[in-house]
Amino acid sequence: MMTEKIIIFDSTLRDGEQTPGAKLNEEEKLKIAKQLARLNVDVIECGFPISSPGDFKAVQRIAKEVKGPIITALGRALKPDIDAVWEAIKAAERPRIHTFLSSSPIHMQYQLRKDPETVLNMGVEAVKYAKKYTDDVQYSLMDATRSELDYLCRVVEAVIAAGATVVNIPDTVGYAVPEQFGELIQQIMNRVPNIDKAVISVHCHNDLGLAVANSLVAVQNGARQVECNINGIGERAGNAALEEIVVALTIRSDYFQNYHHQVNTKEIYKTSRLVSSLMGIPIPVNKAVIGTNAFVHSSGIHQDGVLKHTETYEIINAELIGGKAGQMMLTARSGRHAVRHQLQELGFTLHDTEFEEFFARFLELADKKKEVYREDLEALMNENMTHTASIYSLEYLQTVSGSKSIPAAVVKLKKDDEIFVETETGAGPIDAAYNAIDKITGFKPRLEKYNLRGVTEGRDALGEVSITLEYQDKTIIGRGTSTDIIEASVRAYLNGINKLLAQRSNDAR
Ligand SMILES: [Zn+2]
């Protein structure tokens, strides 16, 4: 039987990056985009080019370097926005322009301050304008679920007539409920005469926890593109989670038997961890599909059942998403060849100098921790890659703490070929070390959030610290890993400061 393909449109790098505090730098965005290509999503939406020069550059780089998926970026239905989108994506193998305008009375009246006919014409003009650049043009009707159906259908018809190849019906504020949303899609499919000339897309937000359910019901009613994000991140409560949609379509292929997707599910686990780590947003343990508890059975009856026959209580096999966690991989005696091989298995290819730097960090870790797991390698890699922008590096750290002593820290940093040493006290050893670093760098960012997680189980586990720093209206995430949580905290702080410095020199350019 011929099944219909569901186009998976990933917006982790656009809507997902709008998650508060999840700002990524260019290298990090590129790294996620390359992993999304390995995951084999159909479309990568990677930014909003007119919003900032940094965003523009990142989109441009992804368009040049990431092969496979369609590369798109977003802009309002205005010529300068569309020009910026095209300039940024034109080098892609398959570029798509994505433009949008609101269609709900509340948005048109209060935000746009324009009447519905003017808004409709703006949309049509925007599509025609984008069409001069490329054939692949997507139009989104923002706040569609709170729009009037007649008007919605008129806009959809008009933008398709103007040349839109994909029309997106977003539930921008996460207001829809499944049955109603399915009916809305069906109404559009039935009422718009030229609907067969375009793909209908949906983009659901999770304010009521219904984003995935709404997306799936839309598919059953005619939508053929689903916009979703890794780990369900995105504005406010987030967007529909990519991994949940894909795994639901896979596991319940008996129910969704008329559809298929082309995502390589074995890359889900890795993509999920990468996004979580680079954005500094932990994955809740009970998160569907990818939470660490998703494959843990604690009830005695369930354990008994799973031991006798896995499928008694487990519908998803961890291997489906490439997530066999906790496998021992390497020790201090593993040579360069073995380490390089494991990195390749995880999808990382390093140049010789990068590899040597990584290998030194690996040996340091393997000395302290007898067994190195794949999660450890990933955590090290995620810290390592930000070294490219490194300006200050940690040479030496000594801290004093205890119930009767005044916490103090000696920090030695290297910048270019210069060495700086400072000693400071503080409320605790981490505070003391941060004070010493501030003295050296001259920055004094505000610590907004501090997050510590054990990368694996056990007393010798690698600790991963992610912190959110605020400095002069800029929010930066820093990450550091070590078996010593104070050192991990210091590395995270330096990582954040180096990013601040890199951003400054970027903005100055
Ligand atoms: Zn959105």
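Let's start with V289: buried or exposed? V289 is buried, because 26 other C-beta atoms lie within 10 Å. The rule here is that a residue is buried if 20 or more other C-beta atoms lie within 10 Å of its own, exposed if 12 or fewer, and partly exposed in between, with C-beta atoms placed from the backbone. V289 sits in the loop between α10 and α11. Its phi is near 70°, a positive value in a residue other than glycine. As background, most residues other than glycine have a negative phi.

Quick housekeeping. This is a predicted model, where local features need pLDDT of at least 70, side-chain atom pairs count only at pLDDT 80 or more, and totals for chains, interfaces and linings use all residues. Residues are numbered from 1 along each chain as its sequence is written. And when I say helix or strand, I mean DSSP runs, H or I of at least four residues for helices and E of at least two for strands, numbered from the N terminus.

You'll find N231 in the loop between β9 (225-228) and α9 (242-251). N231 is buried too, since 28 other C-beta atoms lie within 10 Å.

Now back to α10, residues 268-279. Its twelve residues reach 16 Å from first C-alpha to last, close to the 16 Å expected at 1.5 Å a residue. That expected span is 1.5 Å times one less than the number of residues. How many of the twelve residues of α10 are buried? Eleven are, so to speak mostly covered; among them are Y269, R273 and M279.

H302 counts as partly exposed because it has 14 other C-beta atoms within 10 Å. H302 and Y313 are eleven residues apart in sequence, and their C-alpha atoms are 6.2 Å apart in space.

Next up, α7, residues 178-191. At 1.5 Å a residue its 14 residues should span 20 Å, and the end C-alpha atoms are 20 Å apart, which agrees. The buried residues in α7 are F181, G182, L184, I185 and I188. Seen down the axis, they fall within an arc of 155°, so they line one face of the helix. The arc is taken from the directions from the helix axis to the C-beta atoms. Turned away from that buried side are the exposed residues E179, Q180 and N190. A reminder: an α-helix has 3.6 residues a turn, so residues three or four places apart point the same way.

What do the buried residues of α7 pack against? They pack against α6 (149-161), β7 (166-171), β8 (199-204) and α8 (211-220). Contact here means that the C-beta atoms of two residues, placed from the backbone, lie within 7 Å.

Let's zoom in on α8. The axes of α7 and α8 come within 8 Å and cross at roughly 35°; the axes are lines fitted to C-alpha atoms, for helices over the stretch in contact, with angles running from 0 to 180 degrees between N-to-C directions. From α7, P178, F181, G182 and I185 meet A213, N214, V217, A218 and Q220 of α8. That contact divides into six nonpolar, three polar and no charged residues. Nonpolar means Ala, Val, Leu, Ile, Met, Phe, Trp, Tyr, Cys and Pro, charged means Asp, Glu, Lys and Arg, and the others, Gly among them, are polar.

Helix α3, residues 79-89, has its own buried set: D81, I82, A84, V85, A88 and I89. Down the axis of α3 these fall within an arc of 160°, so they line one face of the helix. They pack against α2 (53-65), β4 (70-76), β5 (95-102) and α5 (116-131).

Speaking of β5, L101 is in that strand. L101 counts as buried because it has 23 C-beta neighbours inside 10 Å. Leaving aside neighbours within four places in sequence, L101 is in contact with R76, A77, V119, M122, G123 and M142.

Last stop: I44, in strand β3 (residues 43-45). I44 has 30 C-beta neighbours inside 10 Å, so it counts as buried. Beyond residues up to four places away in sequence, I44 touches D10, L13, A33, L36, V66, P69 and I71.
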